[in-house]
Amino acid sequence: MMEIPIITTVSELRQLRAKFGEESVGFVPTMGYLHEGHMSLVGRSTKENQHTIISIFVNPSQFAPEEDLDTYPRDIGHDVAVIEAYLKKHGGKVDAIFKPEVNEMYPSGFTMKREEQRGAFVEVLGVSDVLEGKTRPSFFRGVATVVTKLFNAVKPTVAYFGQKDIQQTVVIKMMVRDLLMDLSVVVVPTVRNKSGLALSSRNKYLSDDILKQAECLNQSMLLANESYQKGETDVAKLSESIKSLIEGTNPAFKIDYVAFNDPVTLEYINKIDISKGCILSMAIYVPNTTSKDEKKFTRLIDNMVFNPL
């Protein structure tokens with residue numbers, strides 16, 4: 001198998017991209033520590049495009065100062081091995097991995113203190129202010145900014161994102177539409193383990209026992225969806241059933257939010273309109289050690305689309 005080139009500068013990337021001309025380029029942006037979920041995006045890209053580029057960049061602007069930027073898992077050797085193993089098994093070709101340093105992506109410099117930041121940033125108003133954006137006020141500003149930069153550098157025909165970060169996909173689709181970006185955005189279903197837990201780079205923080213218990217996140221959503229299919233549309237009742245199952249599984253699990261939102265606008269709803277369905281999403285803090293220290297918790301997110309009836 002041909003060794004996958006690792007490109008670290010925008011100028012190198014643009015030289016490669018120029019060689020592709022009008023041929024289709026699929027793009028998979030990641031923060032690394034790759035797993036099967038990422039590979040599902042790579043697989044779609046290699047099947048649907050003549051070329052594929054993957055980026056690996058832990059973007060500092062989407063982290064708050066107290067979050068896990070410094071400890072976020074990074075292992076380029078692991079990532080290359082995962083990509084090569086996938087391609088060997090499933091076929092396809094990845095033309096390059098784009099792995100820039102922070103100063104390459106933020107040429108005006110970067111600081112975690114928002115009031116001291118300089119340079120260009122991108123905000124997508126409305127859909128960025130709820131759910132993850134309500135808990136993490138700078139998160140989607142950071143996501144929209146770095147994805148815009150990556151789109152400008154890669155110039156993809158199609159970009160692939162996972163449904164697991166469903167609010168992110170709504171934000172990016174709106175950004176692409178409103179900023180008149182010339183590419184398509186494809187959302188690929190969440191990849192789960194056999195028991196239904198969504199795959200995540202942060203799962204590596206968790207013990208086997210906690211990983212097993214965390215399966216209750218998906219189980220609670222399936223239970224709520226079953227009730228919805230039987231006619232229950234009251235969000236308060238559905239939310240209570242979800243919270244009861246999660247807290248009953250492990251009292252140390254702390255619910256950040258369980259929310260039901262309009263599938264297009266992401267407005268919070270109190271009752272599901274069966275002609276539209278909704279998005280159910282959640283963020284749960286689970287312990288990654290036996291410590292009760294607030295900092296020893298990992299935040300897991302998950303979601304499910306409730307289809308119209």
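Reply: Before the sheet is discussed, one term is needed: two strands pair if DSSP finds at least two bridges between them. Please also keep in mind that this is a predicted model.

Me: In which order do the three strands of the open sheet lie?
Reply: The edge positions are held by β7 (254-261) and β9 (297-306), each of which pairs on one side only. The pairing within this open sheet is antiparallel, and the order of its three strands is β7-β8-β9.

Me: By how many degrees are neighbouring strands of this sheet turned against each other on average?
Reply: The three strands form an open sheet with antiparallel pairing, and the angle in question is taken with direction ignored.

Me: Which residue in β8 stands opposite tyrosine 257?
Reply: Strand β8 covers residues 278-287 and pairs with β7 in the antiparallel sense over seven bridges. Within β8, the residue that stands opposite tyrosine 257 is alanine 283.

Me: Which helix packs on the sheet by touching β7 and β8?
Reply: Helix α9 (residues 216-229) lies across β8 and β9, and runs at about 25° to β9. The helix touching β7 and β8, whose direction makes about 150° with that of β7, spans residues 235-249 and is α10.

Me: How much space lies in the largest cavity?
Reply: Rolling a probe the size of a water molecule over the atoms shows where empty space is left. With a cut-off of 30 Å³ or more, the count comes to one cavity. The space in the largest cavity is about 110 Å³.

Me: Which domains each give at least three residues to the lining of the largest cavity?
Reply: This lining has 15 residues, with Glu132, Asp165, Ile166, Gln167 and Ile301 nearest the centre of the cavity, and it divides into seven nonpolar, four polar and four charged residues. At least two lining residues come from each of α6 (139-154), α7 (166-178), β8 and β9. In terms of domains, at least three residues are drawn from each of domain 1 (6-188) and domain 2 (203-306).

Me: How many nonpolar residues are there in the lining of the second largest pocket?
Reply: The second largest pocket holds about 220 Å³ of space, and Ile56, Phe57, Val58, Arg74 and Lys99 lie nearest its centre among the 16 residues that line it. By class, this lining has one polar residue and five charged residues, while the number of nonpolar residues is ten.

Notes
Residues are numbered from 1 along each chain as its sequence is written. This is a predicted model: local features need pLDDT of at least 70, side-chain atom pairs count only at pLDDT 80 or more; totals for chains, interfaces and linings use all residues. Side-chain values use heavy atoms; hydrogens and water are left out. Helices (H or I, at least four residues) and strands (E, at least two) are DSSP runs, numbered from the N terminus. Axes are lines fitted to C-alpha atoms, for helices over the stretch in contact, and angles run from 0 to 180 degrees between N-to-C directions. Contact means heavy atoms within 4.5 Å. On a 1 Å grid over the protein atoms alone, a cavity is a set of points where a 1.4 Å probe fits but cannot get out, and a pocket is an open set with protein on both sides within 12 Å along at least five of seven lines; lining residues have an atom within 4 Å of a point. Grid points are joined across faces, edges and corners, and a volume is the space filled by probe spheres set on the points. Ala, Val, Leu, Ile, Met, Phe, Trp, Tyr, Cys and Pro count as nonpolar, Asp, Glu, Lys and Arg as charged, and the others, Gly among them, as polar. Domain bounds come from an automatic or database domain assignment.
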